[in-house]
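Hi,

Here is the structure I said I would pass on. Have a look at it first, and my notes follow below.

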Amino acid sequence: MALGEKVSSFKVGDKVYAPGFLNPKGGFYAEYVALDSKYVFCIPDNLTLSEAGVISGVGLTALRGLEDILELEQDETIMIFGASGGIGHLSVQLAKNMGARVFAIASGDDGVTMVKNLGVDDVVNGRKDDILSAASTFAPNGFDAALLTAGGEFAQKSIRNIRSNGRIAYPNGIFPEPEVASGIRSIGYNGDPDHEVMCRLNKYIKLWNLTAHIDQTFLLKDARDAHLALNNHYLGKLCLNI
């Protein structure tokens with residue numbers, strides 16, 4: 001590790017983490033990378049090195065959706081679709097700590113178990129459970145908000161339970177984009193990294209003891225296998241060990 005001549009907030013040997021996407025000097029598929037220090041933070045004590053390596057991208061996307069786009073408030077009801085995925089399992093942790101009532105839709109029985117252990121109010125298996133019935137029971141008057149981390153038929157079906165004047169957020173790239181009824185606000189957004197949102201995420205990781213679930217870890221030489229694994233069922237994140 002080396003420091004730029006104007007960097008004074010770190011010292012050589014510090015264990016740090018940072019979001020790597022949109023970095024003009026390249027991503028993290030390498031032993032060394034150059035970064036603007038404003039994106040770099042010391043790893044919180046409650047994270048392992050591997051967790052720190054996977055949490056920032058999904059964490060800041062989840063946080064931006066919940067806090068900046070949905071403006072989620074305490075005691076509101078929120079549906080999180082794709083809750084056992086990378087963005088999803090950070091979203092349920094953030095939303096619970098923000099004081100919301102969280103209804104999660106996970107993938108597979110193993111996904112339900114993982115998300116349930118994160119302390120959500122209710123979670124269903126989107127592959128086999130009756131989503132609409134469970135959602136109606138959880139929020140008889142409709143949900144205040146929803147965060148969609150995946151698209152498709154079941155995502156579209158799930159948002160039937162959003163109340164009039166409710167709001168939906170989804171990261172850009174989700175396809176197909178949700179089709180919403182009149183009176184419901186639906187906003188796509190980018191999870192672009194910036195210093196301010198990373199400061200908030202870093203604070204919440206420490207304050208709320210946020211964790212990142214790693215399903216599989218691959219060596220850098222096996223990056224091809226990691227990309228193939230993206231097409232299969234997995235929970236949370238996949239990790240590359242440099």
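Two rings of Phe, Tyr or Trp count as a pair here if their centres lie within 6.5 Å. With that in mind, Phe103, Phe138 and Phe143 are linked by ring pairs into a cluster. Before I go on: this is a predicted model, so please read everything below as computed from it.

**Aromatics**

Searching the whole structure turns up four aromatic pairs. Phe103 and Phe143 make a tilted one, with 5.6 Å from centre to centre and 50° between the planes. Phe103 sits in strand β4 (residues 101-106) and Phe143 in strand β6 (residues 143-148), so this pair ties together parts that are 40 residues apart in sequence. Both Phe103 and Phe143 are buried.

Tyr204 and Trp208, on the other hand, form a stacked pair, at 4.2 Å centre to centre and 10° between the planes. These two are four residues apart in helix α6 (residues 195-208), so about one helical turn separates them. Tyr204 counts as buried because its relative accessibility is 9%, and the cut-off for buried is under 20%.

**Salt bridges**

Side chains of opposite charge can pair when their charged atoms come close. In this model the search finds 11 salt bridges. Here are some of them.

- Arg64 bridges to Asp68, with the closest N and O atoms 3.8 Å apart. Both are in helix α1, four residues apart, or about one turn of the helix. Arg64 is buried, at 14% relative accessibility, while Asp68 is partly exposed at 30%.
- Glu67 and Arg200 meet through their side chains at 2.6 Å, N to O. This pair links distant parts of the chain, as Glu67 is in helix α1 and Arg200 in helix α6, 133 residues apart. Glu67 is partly exposed, with a relative accessible area of 24%, and Arg200 is buried at 13%.
- Asp109 and Lys128 form a salt bridge at 3.2 Å, N to O. Asp109 lies in helix α3 (residues 108-116) and Lys128 in the loop between β5 (122-125) and α4 (131-138), so parts that are 19 residues apart in sequence are tied together. Asp109 counts as partly exposed at 45% relative accessibility, and Lys128 as exposed at 57%.

Some of these bridges also share partners: Arg64, Glu67, Asp68, Asp194, Glu196 and Arg200 are joined into one network.

**Backbone**

Most residues other than glycine have a negative phi, and most peptide bonds are trans. So which residues are joined by a cis peptide bond here? Phe175 and Pro176 are, with omega at about -5°. Pro176 is in the loop between β7 and β8 (185-189).

Glu71 has a phi near 50° and is found in the loop between α1 (49-69) and β3 (77-81). Asn165 has a phi near 70°, and its place is in strand β7. Asn165 counts as exposed, at 58% relative accessibility.

Is Arg167 buried or exposed? Arg167 counts as buried, because its relative accessibility is 9%. Arg167 belongs to strand β7 (residues 162-171). Beyond residues up to four places away in sequence, Arg167 touches Leu70, Glu71, Leu72, Glu73, Glu76, Asp144, Ala145, Ala146, Ile162 and Arg185. Glu71 in that list is the positive-phi residue from above.

Lys96 is in helix α2 (residues 86-97) and counts as partly exposed, at 27% relative accessibility. Setting aside neighbours within four places in sequence, Lys96 is in contact with Val102, Gly119, Val120 and Asp121. Lys96 and Val120 are 24 residues apart in sequence, and their C-alpha atoms are 6.7 Å apart in space.

Lastly, the surface: Met1, Leu3 and Val12 make a nonpolar patch of about 280 Å². Met1 is in the segment before β1 (16-17).

Cheers

Notes: Residues numbered from 1 in each chain as written. Predicted model: local features only at pLDDT ≥ 70, side-chain atom pairs only at ≥ 80, totals over all residues. Heavy atoms only, no water. Patch = residues over 30% accessible without salt bridge, like charges linked within 9 Å, V, L, I, M, F, W, Y side chains within 5 Å. Areas by Shrake-Rupley, 256 points an atom, 1.4 Å probe, with all protein chains shown as cover. Salt bridge = Lys/Arg side-chain N within 4 Å of Asp/Glu carboxyl O. Buried < 20%, exposed > 50% of the residue type's maximum accessible area, 1.4 Å probe, protein only. Contact = heavy atoms within 4.5 Å. Phe/Tyr/Trp six-rings, centres within 6.5 Å; stacked < 30°, edge-to-face > 60°.
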